[in-house]
Amino acid sequence: MNIFRRARGGPGRVSVQEAAIRTGHDHAEAGGDAVLLDVREPFEWQAGHAPQAVHLSLTALAAGAALPARAQARPLVVICRSGHRSRQAAELLAARGCEAVDVVGGMRDWAAAGLPVVDARGQSGTVA
């Protein structure tokens, strides 16, 4: 199954486990081919995010900001705190022609699944 296939009515949704596999956070040797795009606000990002994730707030994305260079022309797995903003961001990105899915449960479920979270200094982070 291609997780980047658009479901009827909008972009697809994936679990945190599927997101970890697609972005290489599952520690598999092959790594993932997608970029984890965190669309939370800067203070949330600084408190804790997934390592190697790329940050662009939903606010900036909705205002028309370009994707960060590492996220351009790549499949995107979009994450926020709980899944609401990432769904909106995935819809915006799909409208721009990007391959994007959002993560059900967001960073809350990511952390609860024992996946890594680091703060702005690379230390152990928290989900704000």
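D119 is buried, with a relative accessible area of 10%; buried here stands for under 20% relative accessible area, exposed for over 50% and partly exposed for anything in between, using a 1.4 Å probe and protein chains only. Its salt-bridge partner is R121, at 3.3 Å from N to O, and R121 counts as exposed at 67% relative accessibility. A salt bridge is taken as a side-chain nitrogen of Lys or Arg within 4 Å of a carboxyl oxygen of Asp or Glu. By that rule the count comes to six salt bridges.

All of this comes from a predicted model, in which local features need pLDDT of at least 70 and side-chain atom pairs count only at pLDDT 80 or more, while totals for chains, interfaces and linings use all residues. Residues are numbered from 1 along each chain as its sequence is written, and side-chain values use heavy atoms, with hydrogens and water left out. As for pLDDT, the predictor's confidence in each residue on a scale from 0 to 100, the protein chain averages 91, and 90% of the residues score at least 70. Residues 1-7 are another matter: their pLDDT is below 50, and beyond near neighbours in sequence this stretch has 16 contacts in the model. Contact means heavy atoms within 4.5 Å.

Back to charged pairs: side chains of opposite charge can pair when their charged atoms come close. R13, R87 and D102 are linked in a network of salt bridges. D102 pairs with R13, the closest N and O atoms being 3.0 Å apart. D102 sits in strand β5 (residues 100-103) and R13 in strand β1 (residues 13-14), so this bridge ties together parts that are 89 residues apart in sequence. Helices (H or I, at least four residues) and strands (E, at least two) are DSSP runs, numbered from the N terminus. Since R87 belongs to helix α4 (residues 84-95) and D102 to strand β5, the parts tied together here are 15 residues apart in sequence. D102 is buried, at a relative accessible area of 0%, whereas R13 is partly exposed at 40% and R87 is partly exposed at 26%.

The strands form an open sheet of five, in the order β1-β5-β4-β2-β3 and with parallel pairing. Its edge strands are β1 and β3 (54-55), each of which pairs on one side only. Two strands pair if DSSP finds at least two bridges between them. β2 and β3 are parallel over two bridges, and D38 has H55 as its bridge partner in β3. Helix α4 packs on the sheet, touching β1, β2, β4 (76-79) and β5, and its direction makes about 180° with that of β5; axes are lines fitted to C-alpha atoms, for helices over the stretch in contact, and angles run from 0 to 180 degrees between N-to-C directions.

Moving along the sheet, β2 and β4 pair in the parallel sense over four bridges, with V77 in β4 as the bridge partner of L36. Three bridges join β4 to β5, again in parallel, and here V77 is partnered by V101 in β5. Both faces of β4 are covered, with L76 and V78 on one side and V77 and I79 on the other, all of them buried.

D38 belongs to strand β2 (residues 35-38) and is buried, with a relative accessible area of 0%. Its side chain makes a polar contact of 2.8 Å with the side chain of R40. A polar contact is a pair of N or O atoms within 3.5 Å; within protein, one must be able to donate a hydrogen and the other to accept it, and residues adjacent in sequence count only if both atoms are side-chain atoms. Leaving aside neighbours within four places in sequence, D38 is in contact with W45, H49, V54, H55, L56, I79 and M107.

T23, in helix α1 (residues 16-23), is also buried, at 13% relative accessible area. T23 and V77 are 54 residues apart in sequence, yet their C-alpha atoms are 7.6 Å apart in space. Beyond neighbours within four places in sequence, T23 is in contact with G32, A34, V35, L36, V77 and W110. A polar atom of the T23 side chain lies 2.8 Å from the backbone oxygen of A19, and a polar contact of 2.7 Å joins the side chains of T23 and H25.
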